[in-house]
Amino acid sequence: MAKFFGNLHLVMVVGLLAALLLMFGFAAYTPIDSNSVARWLHLFFGVLWIGLLYYFNFVQVPSMPKIADEHKPAVTGTIAPSALFFFRWAALLTVVTGLWIAMVNGYMIDALTFAGEGAVDLIGAGMWMALLMAFNVWFIIWPAQKKVLGIVEASAEEKAAAAPRALIASRLNTLLSIPMMWAMVSANLG
C-alpha cells in the first residue's frame, strides 16, 4: 500500500480514472461538456497554483532563515525549482481554463471590459486579479527566482536585487488571492 501511494504518477492516473468513473456514472445528472470539463480543470489548476503560492509564502520563505546553511541547497537546488515549475504552469493553466469557461459561457468580453452587470462584473474583477497574478508569476517572480536560485547567471548584486522583487510580487499575489477567490466563488456564473 505504501508503495502505491509513494508513486505520484500512479496516484494521479488512478485519481483521473476515479474522476472519469464519477463523471460517466453521474452523467445523467451532470452533463459532461466543455463547460464542466473546463470548470474541473480550472479548479484543479487553481488549487495547485494557490496551494503553491501559500506554500511559498507561509512555509518556505519564513522557514529558510531557520534552516542550517548546509541544508539550504536542498531547498534552493531541488525543491524550489521543482515547485516553481508547477507554480508557473498551474498559473498559466488556471488562467487559460478560466478564460475558456468565460468564453464557452459567453461572458468573457463583458467580464473583462466590465460591460456586464452584477455577477459578470464581479467575475471580471476576479479575472483581472488572476491575470495580474499570473503576470507576476511569469514576468516578475520566475525571472527573479531564476537569478536567486542560480538557474541563470547573475551577479551578487543582481541576485540581491531580485530576491525582494520576487518577494514583493509573491506577497502581492497572496494579498490578491483572497479577494480574487471570493469574486470567483461568489459570482457563481453558469
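Helix α4 bends by about 35 degrees at I79, and a proline, P81, follows within four residues. The model is predicted. Helix α4 covers residues 72-104, a run of 33 residues. From its first C-alpha to its last, α4 reaches 46 Å. That span is close to the 48 Å expected at 1.5 Å a residue. After α4 comes G106, whose phi is positive, near 80 degrees.

Helix α3 also bends, by about 40 degrees at F56. This helix spans residues 34-63. Its 30 residues should span 44 Å at 1.5 Å a residue. The end C-alpha atoms of α3 are 41 Å apart, which agrees.

The secondary structure of the protein chain consists of seven helices and zero strands. From the N terminus, the order of elements is therefore simply α-α-α-α-α-α-α. Along the principal axes, the C-alpha atoms fill a box of roughly 55 × 50 × 25 Å. The chain has 190 residues, and 31% of them count as buried. Contacts between residues at least 6 apart in sequence were also examined. Of these, 69% join residues at least 24 apart.

Helix α3 contributes a set of buried residues: N35, A38, F45, G46, W49, I50, L52, L53, F56, N57 and Q60. The bend residue of α3, F56, is thus listed among the buried positions. These buried residues pack against three helices, α4, α6 and α7 (156-187). An α-helix has 3.6 residues a turn, so residues three or four places apart point the same way.

Leaving aside residues up to four places away in sequence, Q60 touches Y55, V75, I79 and A80.

Helix α6 takes in residues 119-148, with A119 among them. A119 has 29% relative accessibility and counts as partly exposed. I140 stands 21 residues from A119 along the chain. The C-alpha atoms of A119 and I140 are separated by 31 Å.

A search of the whole structure finds one salt bridge. In this salt bridge, the side chains of K72 and D69 meet, with 3.5 Å from N to O. Side chains of opposite charge can pair when their charged atoms come close. The two partners fall into separate accessibility classes. K72 has 24% relative accessibility and counts as partly exposed. D69 has 61% and counts as exposed.

The accessible surface of the protein chain comes to about 11400 Å². Carbon and sulfur atoms account for 73% of this surface. A nonpolar patch lies on the surface, formed by V13, L16, L17, L20, F24, I32 and W40. Together these residues have about 630 Å² of accessible area. Helix α2 (residues 8-25) gives the most to the patch, with five residues. F24 is found in α2. At 58% relative accessibility, F24 is above the 50% limit and therefore counts as exposed.

Methods. Residues are numbered from 1 along each chain as its sequence is written. This is a predicted model: local features need pLDDT of at least 70, side-chain atom pairs count only at pLDDT 80 or more; totals for chains, interfaces and linings use all residues. Side-chain values use heavy atoms; hydrogens and water are left out. Patches are made of residues with over 30% relative accessible area and no salt bridge: like charges are joined within 9 Å, nonpolar side chains (Val, Leu, Ile, Met, Phe, Trp, Tyr) within 5 Å. Accessible areas come from the Shrake-Rupley method with a 1.4 Å probe; for residues, only the protein chains shown count as cover. A salt bridge is a side-chain nitrogen of Lys or Arg within 4 Å of a carboxyl oxygen of Asp or Glu. Helices (H or I, at least four residues) and strands (E, at least two) are DSSP runs, numbered from the N terminus. Buried means under 20% relative accessible area, exposed over 50%, partly exposed in between (1.4 Å probe, protein chains only). Contact means heavy atoms within 4.5 Å. The expected span of a helix is 1.5 Å times one less than its number of residues. The bend at a residue is the angle between axes fitted to the seven residues ending there and the seven starting there.
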